[in-house]
Amino acid sequence: MLQELDPLLHSQLRLAIVSILLSVDEADFVYLKEQTGATAGNLSVQIDKLAAAEYIRVTKEFVGRKTRTSCQITEKGREAFERYVEAIKSYLKL
């Protein structure tokens, strides 16, 4: 039987965000925007969805007069990604 794919990670942009965060300690909004090629509005919405699910942690701080938003993957996010990869593997074994 095929495993269900996590609908939160089955979005191309959300999967890209989580994949990037797996390889770094943290990434700021500008870096994620550059790496994904997403618009600021779309990236912001997808980050909010991942944060609401507790897959990532979002920190906002001031650097000088500008706001800096940075993201980190959580343990829950790592586990969800691992389950997602295992589910994809189950599809490839067909």
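## The sheet

In this predicted model, the bridge partner of Asp28 in strand 3 is Ser70, and the partner of Ala27 in that strand is Cys71. These pairs belong to the contact between strand 1, which covers residues 27–28, and strand 3, where the two strands run antiparallel and are joined over 2 bridges.

On the other pairing, strand 2 (residues 56–63) is joined to strand 3 by 8 bridges, again in the antiparallel sense, with Lys60 standing opposite Thr69 of strand 3. Taken together, 3 strands form an open sheet in the order 1-3-2, with antiparallel pairing. Strand 1 and strand 2 are the edge strands, each of them pairing on one side only. As background, strands of a sheet pair through backbone hydrogen bonds, and the pairing may be parallel or antiparallel.

## The hairpin

Strand 2 and strand 3 form a hairpin with 2 residues between the strands, and in this hairpin Gly64 takes a positive phi near 70 degrees.

## Thr69 within strand 3

Thr69 lies in strand 3, and its contacts, leaving aside neighbours within four places in sequence, are with Ala27, Asp28 and Phe29 as well as with Val58, Thr59 and Lys60.

Is Thr69 buried or exposed? Thr69 counts as buried because its relative accessibility is 16%, and the cut-off for a buried residue is under 20%.

## The nonpolar core

The largest nonpolar core has 22 residues, and those with the most contacts inside it are Leu9, Ile17, Leu21, Leu32, Leu43, Ile47 and Leu50. The elements that give two or more residues to this core are helix 1 (12–22), helix 3 (40–52), strand 3 (66–73) and helix 4 (75–92). Helix 1 gives the most, with 5 residues. In soluble globular proteins, nonpolar side chains tend to be buried together.

Leu43 can be followed individually: apart from neighbours within four places in sequence, Leu43 is in contact with Leu13, Ile17, Phe29, Leu32, Lys33, Thr36 and Ala38. Among these partners, Ile17 and Leu32 are also listed with the residues that have the most contacts inside the core.

How values were computed
Residues numbered from 1 in each chain as written. Predicted model: local features only at pLDDT ≥ 70, side-chain atom pairs only at ≥ 80, totals over all residues. Heavy atoms only, no water. Core = buried A, V, L, I, M, F, W, Y, C linked by side-chain atoms within 4.5 Å. Buried < 20%, exposed > 50% of the residue type's maximum accessible area, 1.4 Å probe, protein only. Helix = DSSP H or I, 4+ residues; strand = E, 2+ residues; numbered from the N terminus. Contact = heavy atoms within 4.5 Å. Pairing = 2+ DSSP bridges.
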